[in-house]
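I opened my notebook to look up a few residues one at a time, asking of each where it sits and what lies around it.

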Amino acid sequence: MERFQVPAAVRDSLQRSGAFPSLSFNPEEYEARRVEMMNQTPGNLTGYDCPRCLNRGGSYKLENGYITFVQCSCEAIRRSIRRAAKSGLGDLLEHHTFDRFQTPEPWQARAKQLAQDYAAAPVGWFVASGASGSGKTHLCTAICRRLLDDGRAVRYELWREMAQKIKAASLDGDARSRMMEPLKNAEVLYLDDFLKTARGTAPTKADIELAFDIIGARYNTKALTLLSTELTVDELLSLDVALGGRIHEMCQKGAQYLSFAGEEKNWRLRPSTGEQIAI
């Protein structure tokens, strides 16, 4: 907590200059006025427009002859915004919320409830598997939003783009290690479209090795991990038993594995009604 006090010499100088209305002016009244003026002065913080502290990050109070600075609640909001910016989720956070996830079908209501339960008490991993357009990314992003609001550092990666960059650096061990380090050590990692390939072909050996490198490291440290994928557990196991086994195990420790099986669960193909959000 910052503390300020007007030195006696400064008060005397202000009194001589006429800043005090009279010789009988109480210095505490001056300091109270000074606090009032400081609280009316806008700050220069960005990212969130706070009507309480006028973007100063806090307010000033006079206590026992000292001016103290009390942090504003908007600082928590600013930290959350900074974490969101670093996460890589971008505009997804604005549109992919629990409130905006529609549940006209029972399977959607159940999926939403399981995702909310995980977000409230995240243990193990959360995996959403199934058809494109079924809401996997929406629910995983909504979980990430809740975790960000709770003060957790989340890192988002779209698998195909990330994999291409890392595989391109495969001949440079140091560069590859630098790219892998934040994926292995992120407090929360969300891999979107896990093991999805450009043309829908089977993942290559290099894809599987990369996936195992990341998944294995996070399995060892039991770090919170979210995956959205079109692959089922059986398909993951058929690609690599060790990889699929670790994912399956981490979804049995209080976490969830959601399966959106069937083309009828592709919500993008449903007729639009009202303010439906494409997932």
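I began with Cys-53, which I found to be buried, with a relative accessible area of 0% (buried means under 20% relative accessible area, exposed over 50% and partly exposed in between, with a 1.4 Å probe and protein chains only). The model is a predicted one, in which local features need pLDDT of at least 70 and side-chain atom pairs count only at pLDDT 80 or more, while totals for chains, interfaces and linings use all residues. Residues are numbered from 1 along each chain as its sequence is written, and side-chain values use heavy atoms, with hydrogens and water left out.

I placed Cys-53 in the loop between α2 and β2 (helices, H or I of at least four residues, and strands, E of at least two, are DSSP runs numbered from the N terminus). Not counting residues up to four places away in sequence, I saw that Cys-53 touches Gly-58, Ser-59, Cys-72 and Cys-74, where contact means heavy atoms within 4.5 Å.

I then turned to Asn-55, which lies in the loop between α2 (27-40) and β2 (58-63) and counts as buried because its relative accessibility is 13%. I noted a polar contact of 3.1 Å between the side chains of Asn-55 and Asp-49 (a pair of N or O atoms within 3.5 Å; within protein, one must be able to donate a hydrogen and the other to accept it, and residues adjacent in sequence count only if both atoms are side-chain atoms).

Last, I looked up Ser-129, which belongs to strand β4 (residues 125-130) and is buried, at 1% relative accessible area. Its side chain reaches the backbone oxygen of Leu-231 at 2.6 Å.
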